Amino acid sequence: MGFREHLQEICRRCDGAVACTLMGMDGIEVDSHVEAEADVDLKSLLIEYSGLFRSAREASETHAAGGLAELSLSTDRILTVARVVNPEYFMVMALAPDGNFGKARYLLRVTAPRLRSEL
């Protein structure tokens with residue numbers, strides 16, 4: 001199964017899913033799947049969020065909190081949850097504000113090892 005198929009499956013299985021993306025820590029998209037249109041520029045937003053993800057990871061490591069596993073951000077229009085795949089890549093899922101956040105977290109957690117083995 002390729003990256004896109006994994007991302008599609010995650011979106012298909014989660015209520016309220018808008019998009020799921022595999023990104024490098026540098027903010028470059030590897031692959032993505034858009035399930036539904038959003039009234040925000042998701043591509044640009046997720047690139048910007050990659051900077052926050054890097055900063056959170058560095059802060060965690062600097063202050064001996066351990067490695068960052070997951071980060072979520074919630075705004076009025078979109079809910080995002082990101083999960084580390086390996087030191088160079090992470091997945092991020094965008095949801096409608098009323099999307100199933102718990103299911104999104106679970107799906108990212110169980111899919112990350114599969115993607116890791118394919119990278």
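**View 1. Methionine 93 and its contacts.** Leaving aside neighbours within four places in sequence, methionine 93 is in contact (heavy atoms within 4.5 Å) with Ile10, Cys11, Cys14, Ala17, Ala19, Cys20, Leu79, Thr80, Val81, Ala104 and Leu108. The model is predicted: local features need pLDDT of at least 70, side-chain atom pairs count only at pLDDT 80 or more, and totals for chains, interfaces and linings use all residues. Residues are numbered from 1 along each chain as its sequence is written, and side-chain values use heavy atoms, with hydrogens and water left out.

**View 2. The nonpolar cores.** A nonpolar core is a set of buried Ala, Val, Leu, Ile, Met, Phe, Trp, Tyr and Cys residues joined through side-chain atoms within 4.5 Å. Buried means under 20% relative accessible area, exposed over 50%, and partly exposed in between (1.4 Å probe, protein chains only). The largest core has 18 residues, and those touching the most other members are Ile10, Cys14, Cys20, Met91, Met93, Leu95 and Leu108. At least two residues of this core come from each of helix 1, strand 1, strand 4, strand 5 and helix 3. Helix 3 gives the largest share, five residues. A second, separate core of 10 residues has Met25, Leu46, Phe53 and Leu68 among its members.

View 3. Helices (H or I, at least four residues) and strands (E, at least two) are DSSP runs, numbered from the N terminus. Two strands pair if DSSP finds at least two bridges between them. The five strands form an open sheet in the order 2-1-5-4-3, with antiparallel pairing. Strand 2 (29-34) and strand 3 are the edge strands, each pairing on one side only. On average, neighbouring strands of this sheet are turned by 15 degrees against each other, direction ignored.

**View 4. Strand 4 and the strands beside it.** Strand 3 and strand 4 run antiparallel and are joined by five bridges; the hairpin between them passes through four residues. Seven bridges join strand 4 to strand 5, also antiparallel, and this hairpin has two residues between its strands. Alanine 82 of strand 4 is the bridge partner of leucine 71 and stands opposite valine 92 in strand 5. Valine 81 has methionine 93 in strand 5 as its bridge partner.

**View 5. Helices 1 and 3 across the sheet strands.** Axes are lines fitted to C-alpha atoms, for helices over the stretch in contact, and angles run from 0 to 180 degrees between N-to-C directions. Helix 1 (residues 3-13) lies across strand 1, strand 2 and strand 5, at about 40 degrees to strand 2. Helix 3 (residues 101-118) lies across strand 1, strand 3, strand 4 and strand 5, at about 20 degrees to strand 4.

**View 6. Helix 2 and its buried side.** In helix 2, the buried residues are Leu42, Leu46, Tyr49, Ser50, Phe53, Arg57 and Ser60. They cover an arc (of the directions from the helix axis to the C-beta atoms) of only 130 degrees, which puts them on the same side of helix 2. Among what covers them are strand 1 (17-24), strand 3 (70-74), strand 4 (79-86) and strand 5 (89-95). Exposed Glu48 and Thr62 sit on the face turned away from the buried side. Just after helix 2, alanine 64 takes a positive phi of about 55 degrees.
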